[in-house]
Amino acid sequence: MNSHVLPIYNRAPIAFERGEGSWAIATDGTRYLDLGAGIAVNALGHANPELVAALTEQAQRIWHVSNLYQIPEQEKLAELLVANTFADTAFITNSGTEAAELAIKMVRKYWSEQGDPERIEILTFEGAFHGRSTGAIAASGSEKMVQGFGPLMPGFRHLPWGDMAALEAAISQRTAAVMLEPVQGEGGIRPLPDADLRLIRELCDRTGALLVLDEVQSGMGRTGRLFAHEYAGIAPDIMMVAKGIGGGFPLGAVLATEKAASGMGAGTHGSTYGGNPLACAVGAKVMQIIAAPEFLAEVNRKAALLRQKLEGLVAAHPSVFESVRGQGLMLGLKCRVAPTEMVRAGYAEHVLTVAAADNTLRLLPPLIISDEEIAEAVVRLDRAAGRLDG
Ligand SMILES: Cc1ncc(COP(=O)(O)O)c(C=O)c1O
């Protein structure tokens, strides 16, 4: 197909015209079981009736007013985010990348306001993904992402993933912040042990460095808690959120403590669309649904069911898969084949999955997937793997 769109994506030859819960329906009518959920975005499934109602109700009232005025829907979303997390304040964005940009700016501004504007070094980890802006690619440092886009924004130092000795050696009273995903997503569904997250918190406390967690992919119930860091019993100073929070509508947020956000006064940041009534009306509904303890309990029950079936799948196809990893419904199958081959075999069996780095196939189903759909998903994955056996 000739396309007029900038050719930066390797797209599959499938177009979807409709969705229903865990199913995405292609233009030719084929129904695909969606274990990608738009890369962890459609947390409540496609065309969720409660979200459709929230969006259309808002669409009939007012779409956009700008941040020149009070926006009650934005206030409501921020209130829900603050009430359910460590945060004292929230800035609403349209994406994860914008959240990462603000998080980086907030760190710099914090130290500047503390009278230490030279304290800009942010420690990050290899395999990280924080978006594609100039700041976010510098934070990641991945060769593939930064090549040809230099000179990069200074101030990032990249450490081997999960290497606590390297972190202990690198962190000091000159460190501005440590920034990481508690479970690396694009990096291949790599969870950091709770003990390591606690140690990072301790090292930050000892040196004064701010702890910035990127929960764009791991947040909003994906791992079975509202945010993945809750498992470790710690709290960050700043956190990025996006993807699932909009349930498919573009939305993100930066959450922060009063102290970490103390440099961000009037005029220091802004956005035309960030916090618009449409996105916030949807986001508030998503928050109300996902933050409910009964909802998260269901995610955990289903996650255990899926994981158990995936262990069986791995055992049945030792030449295709090596292991299962991840947390909640943020799961990865470490492959012995290229994960893109599994993604393609999945298309043939009408099941959608997503490849990631570290030879991992990602399974990020909608959090509302049913037990029957989980069983059906594993049947389809089994058939797809059968195409690659041997
Ligand atoms: C952990 C993480 N941070 C940031 C981003 C960037 O988010 P967005 O694509 O919404 O800008 C992503 C996107 O995949 C992500 O997984």
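Residues are numbered from 1 along each chain as its sequence is written. Because the model is predicted, local features need pLDDT of at least 70 and side-chain atom pairs count only at pLDDT 80 or more, while totals for chains, interfaces and linings use all residues.

The ligand is surrounded by 15 residues, of which the closest are Ser95, Gly96, Thr97, Gly131 and Val216; a residue is near a molecule or strand if its C-beta atom, placed from the backbone, lies within 6 Å of it. In terms of class, this shell comprises five nonpolar, seven polar and three charged residues. Here Ala, Val, Leu, Ile, Met, Phe, Trp, Tyr, Cys and Pro count as nonpolar, Asp, Glu, Lys and Arg as charged, and the others, Gly among them, as polar. The most is given to the shell by helix α4 (residues 96-113), with three residues. Helices (H or I, at least four residues) and strands (E, at least two) are DSSP runs, numbered from the N terminus.

An unreviewed UniProt entry lists Gly96, Thr97, Phe129, Asp214, Glu215, Val216, Gln217 and Thr272 under "binding site". These positions span 177 residues of sequence and are also spread in space, with up to 25.0 Å between C-alpha atoms. UniProt positions are given in the numbering used here, feature names are shortened, and annotations may be inferred rather than shown by experiment.

Of these residues, Gly96 is located in helix α4 and counts as buried because it has 27 C-beta neighbours inside 10 Å. The term buried applies if 20 or more other C-beta atoms lie within 10 Å of a residue's own, exposed if 12 or fewer, and partly exposed in between, with C-beta atoms placed from the backbone. Val216, located in the loop between β10 (210-214) and β11 (238-241), is likewise counted as buried, with 28 C-beta neighbours inside 10 Å. When residues up to four places away in sequence are left out, Gly96 touches Gly131, Val216, Met240, Ala242, Lys243 and Gly252; contact requires C-beta atoms, placed from the backbone, to lie within 7 Å. With neighbours within four places in sequence again set aside, Val216 is in contact with Gly96, Ala99, Met240, Val241, Ala242 and Lys243.

Asp214 has Met240 in β11 as its bridge partner.

β1 and β2 (residues 23-26) are antiparallel and share four bridges, and Glu20 has Trp23 in β2 as its bridge partner. Antiparallel pairing also joins β2 to β3 (residues 31-34), through three bridges, with Leu33 in β3 as the bridge partner of Trp23. The hairpin of β2 and β3 has four residues between the strands, and Gly29 takes a positive phi near 90° in this hairpin. By contrast, β3 and β15 pair in the parallel sense over two bridges; here Val351 in β15 is the bridge partner of Leu33.

The unreviewed UniProt entry also lists Arg132 and Ser271 under "binding site". Arg132 is placed in the loop between β5 and α5 (134-140) and counts as partly exposed, with 15 C-beta neighbours inside 10 Å. Ser271 occupies the loop between β12 and α9 (277-290) and is also partly exposed, with 15 C-beta neighbours inside 10 Å. Leaving aside residues up to four places away in sequence, Arg132 touches Thr97 and Ile137, while Ser271 is in contact with Thr93 and Glu98.

Key. Two residues are in contact if their C-beta atoms, placed from the backbone, lie within 7 Å. Two strands pair if DSSP finds at least two bridges between them.
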